[in-house]
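Please walk me through this structure, step by step.

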Amino acid sequence: MNITRENTGALTATLKIEIGPSDYAEAVEKQIHDYKRKANIPGFRPGHIPTGLIKKMYGKAIVADEVNKLLSDKLVAYIRDEKIDILGNPLPNTEKNGAIDFENQTGFEFYFDLGLAPSFTIQLDKELLVENHIIRVDDEMIDKYIGETLQRYGKPAPQETPPESQTTEQTTPPLPDENPEKPVIIPAELNADLFNKVYPGMNIETEEDFRNQIKKEAESGFIDETDKLLFNKVTETLLKNTEITIPDAFLKRWLLENNEGKYTPEEIEKNYGSFSESMKWQLIENKLIRDFGIEVKDEDIRNYIRKYFFQQIGLGISNPEMDQRYESIVDKFMENKEQVQRINDQLYNARLLEVFKQNITIIDKEVTREEFIKLASAMHDHGHEHTHDHEHDHQHEHEHEHGHEHGHEHEHGHEQSV
């Protein structure tokens, strides 16, 4: 077997794979022997079928199957061993690949086109400035929460009892009230008793301390939202500041051939700008993950599930007597591939965000809740929602020859058919 590579452009190449009889003969003979032993052909006892008949009946299919397996294995191995960082998958070169006659041919040549990942540098230093919009918890927001709390912990007002004379003399039931009033709630009093009900064990005694705790809790509750917007703003900034060239013609062809007629060339052309930006972000993300040694292991995902589960049932720490039961629940969660993938992506997102916070200059800016919602909506509409669980998927694979590479099929798991 011989594999040669020809660069056909700045970011494209073609592989020529030559397969001869010596490459597949042994595997074919083994398959013929297995067919001879297992095949059920009328008129012949199992295991006594003539080899010539097996070859005549199944030889072409066996050769085709073994050549295909050899081709796929060697293609993957070559790309891996030569450390070729590709985009998408290898595509058969239909112009150079001729018709194949497995019955009469013994030597075969196959051509595959590759899209190559570009080299680029990322500016990730303190000179990179990104605004972090923090939701301001103001007095109006705190007052609203207190008002809702007073109602929630209030008591129903006592119902008025009709005079006794009316009760005893009335012989027919009263007509239903066309506009019945809902029971009126008497709000709870703003005192230490209420503070203890809302925040048990914190010994809050004054309204000022109560308001401060509300503010602290509200600010903590907004962290996930502000972090998500910050991540997207860093993504937008890195995309804008990072010069990346990708092989557009190859990727358009790859999109067309890998979607099995789902999209027309015109549709791909129309939406290619969004795809190419997403691809560029994947390249940036992969490089950051490699450069900073970011990884997510199965145990990290299991710990995430444990923490979530304990929070849901109100446990801070596990009960040793229940550990086995809890672990069986975690095992069940781990069987859900979609859920595991989502958690995997969230953990990568969080670890990338920590890298951003440590390496760039983040300028905090307070905004109202309404202003924040407008900013987040505008960014979403602008098409820069590059969070892991929307724009692309992390592959949940942790052991890879070149580190954790994901998002654009670095496992080369194609199935090319000759």
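Is Phe-356 buried or exposed? Phe-356 is buried, because its relative accessible area is 0%. Buried means under 20% relative accessible area, exposed means over 50%, and partly exposed lies in between, with a 1.4 Å probe and protein chains only.

A word on the source. This is a predicted model, in which local features need pLDDT of at least 70 and side-chain atom pairs count only at pLDDT 80 or more, while totals for chains, interfaces and linings use all residues. Residues are numbered from 1 along each chain as its sequence is written, and side-chain values use heavy atoms, with hydrogens and water left out.

Start with two helices. The axes of helix 9 (residues 265-291) and helix 12 (residues 337-359) come within 11 Å and cross at roughly 75 degrees. That makes helix 9 roughly perpendicular to helix 12. Axes are lines fitted to C-alpha atoms, for helices over the stretch in contact, and angles run from 0 to 180 degrees between N-to-C directions. Angles under 35 degrees count as roughly parallel, over 145 as roughly antiparallel, 65 to 115 as roughly perpendicular and the rest as oblique. Helices (H or I, at least four residues) and strands (E, at least two) are DSSP runs, numbered from the N terminus.

Which residues meet here? Trp-281, Glu-285, Leu-288 and Ile-289 of helix 9 meet Tyr-348, Leu-352 and Phe-356 of helix 12. Contact means heavy atoms within 4.5 Å.

Now the rings. Rings of Phe, Tyr and Trp (its six-membered ring) pair if their centres lie within 6.5 Å; planes under 30 degrees apart count as stacked, over 60 as edge-to-face and the rest as tilted. The count comes to ten aromatic pairs. In one of them, Phe-195 and Phe-210 are stacked, 4.6 Å centre to centre with 25 degrees between the planes. Phe-195 lies in helix 5 (residues 192-198) and Phe-210 in helix 6 (residues 207-221), so the pair ties together parts that are 15 residues apart in sequence. Phe-195 counts as buried at 2% relative accessibility. Phe-210 counts as buried at 0%.

Phe-231 lies in helix 7 (residues 223-241) and Phe-356 in helix 12, so parts 125 residues apart in sequence are tied together. Phe-231 is buried as well, at 0%.

Elsewhere, ring pairs link Tyr-24, Phe-102, Phe-108 and Phe-110 into a cluster.
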